[in-house]
Amino acid sequence: MEDCIFCKITKGEIPSRKVYEDDNFYAFEDIAPVTPVHVLVVPKKHVRSIAALTEADTEVAGKMLTAIQKTAEKIGLAEDGYRVVFNTGEKAGQTVHHLHAHILGGKEMAWPGV
Ligand code: 5GP
Ligand code: ZN
């Protein structure tokens with residue numbers, strides 16, 4: 001997708017601090033972390049959000065959880081735990097319209113915290 005910042009990051013056209021990559025996903029540090037550890041996991045295929053997923057995305061959607069798990073292990077959060085957030089739609093706080101999971105960790109987090 002033209003002008004999609006996360007498509008450009010997955011292609012290396014915009015620099016990022018990569019923490020994990022496989023055939024279908026790219027994970028990198030958030031530029032404005034809200035927790036001590038804050039990493040984004042994005043599919044290389046452009047999909048706007050969870051709300052825009054179709055039947056054709058079923059496989060990539062399923063694999064995304066595994067990519068999140070592997071990323072969390074790689075950044076050392078597997079033992080202490082972490083929170084995964086998918087902001088979906090502008091009212092929910094989505095600002096970049098390319099599906100992404102926030103992996104948040106490195107501190108104690110209250111719940112509910114919205
Ligand atoms: P959203 O608000 O859409 O759920 O999350 C988008 C996230 O992308 C935000 O946490 C924001 O800090 C991050 N972000 C936006 N632009 C860039 C960028 O150019 N590089 C990196 N690493 N993160 C970005
Ligand atoms: Zn994109």
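User: In which element does glutamate 73 lie?

Analyst: Helices (H or I, at least four residues) and strands (E, at least two) are DSSP runs, numbered from the N terminus. By that numbering, glutamate 73 belongs to helix 2.

User: Before we continue, what kind of model is this, and how are its parts numbered?

Analyst: This is a predicted model, in which local features need pLDDT of at least 70 and side-chain atom pairs count only at pLDDT 80 or more, while totals for chains, interfaces and linings use all residues. Residues are numbered from 1 along each chain as its sequence is written, and chains are lettered from A and ligands numbered from 1 in the order in which they are written.

User: Is glutamate 73 buried or exposed?

Analyst: A residue is buried if 20 or more other C-beta atoms lie within 10 Å of its own, exposed if 12 or fewer, and partly exposed in between, with C-beta atoms placed from the backbone. Glutamate 73 has 12 C-beta neighbours inside 10 Å, so the residue counts as exposed.

User: How far apart in space are glutamate 73 and tyrosine 20?

Analyst: In sequence, 53 residues separate glutamate 73 and tyrosine 20. From C-alpha to C-alpha, the distance between them in space is 9.9 Å.

User: In what order do the elements of the chain run?

Analyst: The chain has two helices and five strands. Read from the N terminus on, their order is α-β-β-β-α-β-β.

User: Why is the chain described as being as compact as a globular protein of its length?

Analyst: The radius of gyration is taken over C-alpha atoms, and the globule rule is 2.2 Å times the number of residues to the power 0.38. For 114 residues the rule gives 13 Å, and the chain is as compact as a globular protein of that length because its radius of gyration is close to this, at 14 Å.

User: Which residues touch the most other members of the largest nonpolar core?

Analyst: A nonpolar core is a set of buried Ala, Val, Leu, Ile, Met, Phe, Trp, Tyr and Cys residues joined through C-beta atoms within 7 Å. The largest one has 20 residues, and those touching the most other members are Phe25, Ala27, Leu40, Val41, Val42, Ile68 and Ile103. The elements that give two or more residues to this core are helix 1 (5–10), strand 2 (25–29), strand 3 (37–43), helix 2 (58–74) and strand 5 (101–105).

User: Which residues are in contact with isoleucine 103, leaving aside its neighbours within four places in sequence?

Analyst: Two residues are in contact if their C-beta atoms, placed from the backbone, lie within 7 Å. For isoleucine 103, with those neighbours left aside, the partners are Val39, Val41, Ile68, Thr71, Ala72, Leu77, Tyr82 and Val84.

User: Which residue does the UniProt annotation "active site" cover?

Analyst: UniProt positions are given in the numbering used here, feature names are shortened, and annotations may be inferred rather than shown by experiment. The annotation "active site" comes from an unreviewed UniProt entry, and the residue it covers is His100.

User: Is histidine 100 buried or exposed?

Analyst: Histidine 100 lies in the loop between strand 4 (83–85) and strand 5. Not counting residues up to four places away in sequence, histidine 100 touches Phe6, Leu40, Val41 and Val42. With 22 C-beta neighbours inside 10 Å, histidine 100 is therefore classed as buried.

User: Where does lysine 107 lie, and which residues is it in contact with?

Analyst: Lysine 107 is found in the segment after strand 5, and it is exposed, with 9 other C-beta atoms within 10 Å. Leaving aside neighbours within four places in sequence, lysine 107 is in contact with Thr35 and Pro36.

User: Which residues does a cis peptide bond join?

Analyst: Most peptide bonds are trans. Here, a bond with omega of about 0° is cis, and it joins tryptophan 111 and proline 112.
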